[in-house]
Amino acid sequence: MEYRYALRMLGVEIDGPCQMFGDNNSVILNTTLPSSQLKKKHNSVAYHAVQEAIAGNIVKFNHIRSEENYADVMTKPLPAMTFHRLIRTLLFARTGTPSQG
């Protein structure tokens with residue numbers, strides 16, 4: 001949400017809501033349902049900010065399978081095949097054209 005605000009302050013036009021992805025269904029349900037209640041008090045400020053952003057159509061929270069979640073490479077122990085598939089696309093991605101020098 002901070003990046004969206006920073007881009008808007010720089011004059012970049014933003015079309016539609018920003019996409020957030022998570023692999024925890026209970027978190028997605030808690031943030032997208034207005035009737036849900038927070039169980040942990042220390043999360044209340046961020047929780048309400050996200051709920052407000054979703055209600056205001058600023059952010060859209062989507063589910064992503066753990067096998068496709070690049071953030072899991074650094075946060076969870078993954079099976080070797082999943083880890084190598086995710087890290088390979090991050091480390092060895094080809095962008096642009098090769099330089100001729």
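A residue counts as exposed when its relative accessible area is over 50%, and as buried when that area is under 20%. These cut-offs are applied here to a predicted model of a protein chain.

The protein chain contains five helices and two strands. Along the sequence, these elements are arranged in the pattern α-β-α-α-β-α-α. The chain has 101 residues, of which 21% are classed as buried. When contacts between residues at least 6 apart in sequence are considered, 49% of them join residues at least 24 apart.

Two residues illustrate the two classes of accessibility. Tyrosine 3 is part of helix H1, which spans residues 2–9. Tyrosine 3 is classed as exposed because its relative accessibility is 72%, and the cut-off for this class is over 50%.

Aspartate 72 is located in helix H4, which covers residues 72–75. The relative accessible area of aspartate 72 is 2%, so this residue is classed as buried, the cut-off for that class being under 20%. With residues up to four places away in sequence left out, aspartate 72 touches Asp23, Ser66 and Leu78.

Terms used:
Residues numbered from 1 in each chain as written. Predicted model: local features only at pLDDT ≥ 70, side-chain atom pairs only at ≥ 80, totals over all residues. Heavy atoms only, no water. Helix = DSSP H or I, 4+ residues; strand = E, 2+ residues; numbered from the N terminus. Buried < 20%, exposed > 50% of the residue type's maximum accessible area, 1.4 Å probe, protein only. Contact = heavy atoms within 4.5 Å.
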